[in-house]
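Please look at the sequence and the model below. The paragraphs that follow go through the sheet, the cores, the aromatic rings and a few local features of the backbone.

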Amino acid sequence: MTAKATTSATFEQDVLQADGPVLVDFWAEWCGPCRMVAPVLDEIQNENAGKITVLKLNVDENPDLAMKYQITSIPAMKVFQGGEVKTTIIGAKPKYALEQDLAAFLD
């Protein structure tokens, strides 16, 4: 996993005040699909450096943010830009499907 972690303490600076789009992967250690999607997100970040930042947020360790952003199932990914949620992706998907969902941020 190369994606950096964010927490309740760093979320404002890491995500809400970031310059470009930030994909936050809401996940948990016990979640199998979360572990399946992690390397795909790493690939997308590595191939699109400078276009989008991928961060991971452990919902078990940061329940306040999971509640604030209404995370009811994981994996859930939200793309933030300018401090606002621009898109939400629910569930583990293959790389091409994630790239389609993120196309507006990867151009």
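Contact here means heavy atoms within 4.5 Å. Leaving aside its neighbours within four places in sequence, isoleucine 74 is in contact with Phe26, Trp27, Ala28, Trp30, Cys31, Cys34 and Val59. The model is a predicted one, in which local features need pLDDT of at least 70 and side-chain atom pairs count only at pLDDT 80 or more, while totals for chains, interfaces and linings use all residues. Residues are numbered from 1 along each chain as its sequence is written, and side-chain values use heavy atoms, with hydrogens and water left out.

The sheet comes next. Helices (H or I, at least four residues) and strands (E, at least two) are DSSP runs, numbered from the N terminus. Two strands pair if DSSP finds at least two bridges between them. Five strands form an open sheet with mixed pairing, in the order β1-β3-β2-β4-β5. At the edges stand β1 (4–5) and β5, each with a single partner strand, so one side of each is left without a neighbour in the sheet.

Strand β4 pairs with β2 in the antiparallel sense over five bridges, and valine 24 has lysine 78 in β4 as its bridge partner. β4 also pairs with strand β5 (residues 84–90), again in the antiparallel sense, over six bridges. Across this second pairing, lysine 78 stands opposite threonine 88 in β5, methionine 77 has isoleucine 89 as its bridge partner, and phenylalanine 80 stands opposite valine 85. β4 and β5 form a hairpin with two residues between them, and glycine 82 in the turn has a positive phi of about 60°.

How are residues of β4 placed, buried or exposed? Buried means under 20% relative accessible area, exposed over 50%, and partly exposed in between (1.4 Å probe, protein chains only). Five of the six residues of β4 are buried, so this strand is largely enclosed by the rest of the structure.

The buried residues lead to the cores. A nonpolar core is a set of buried Ala, Val, Leu, Ile, Met, Phe, Trp, Tyr and Cys residues joined through side-chain atoms within 4.5 Å. The largest one has 19 residues, of which Phe11, Val24, Phe26, Ile71 and Ile74 touch the most other members. Two or more residues each come from α1 (11–16), β2 (22–27), β3 (53–58), α3 (63–68) and β4 (76–81). β2 gives the largest share of this core, four residues. A second, separate core of 15 residues includes Met77, Val79, Ile89 and Leu98.

Rings of Phe, Tyr and Trp (its six-membered ring) pair if their centres lie within 6.5 Å; planes under 30 degrees apart count as stacked, over 60 as edge-to-face and the rest as tilted. A search of the whole structure finds four aromatic pairs. In one of them, the rings of phenylalanine 11 and tyrosine 69 have centres 5.6 Å apart and planes at 40°, so the pair is tilted. Phenylalanine 11 lies in helix α1 and tyrosine 69 in the loop between α3 and β4, so this pair ties together parts that are 58 residues apart in sequence. Both phenylalanine 11 and tyrosine 69 are buried.

Tyrosine 69 also pairs with phenylalanine 26: the centres are 6.4 Å apart and the planes are at 50°, so this pair is tilted too. Here the link runs from the loop between α3 and β4 to strand β2, with the two residues 43 apart. Phenylalanine 26 is buried. Ring pairs link Phe11, Phe26, Tyr69 and Phe80 into a cluster.

The loop between α3 and β4 also holds glutamine 70 and proline 75. Most residues other than glycine have a negative phi, and most peptide bonds are trans. Glutamine 70 has a positive phi of about 55° although it is not a glycine; at 65% relative accessibility, glutamine 70 counts as exposed. The peptide bond from isoleucine 74 to proline 75 is cis, with omega near 5°.

Two of the contacts of isoleucine 74 are Cys31 and Cys34. A disulfide is a pair of cysteine sulfur atoms within 2.5 Å, and one joins cysteine 31 to cysteine 34, S to S 2.3 Å. With 80° about the S-S bond, this link is right-handed. Cysteine 31 counts as buried at 4% relative accessibility, and cysteine 34 is buried with a relative accessible area of 2%.
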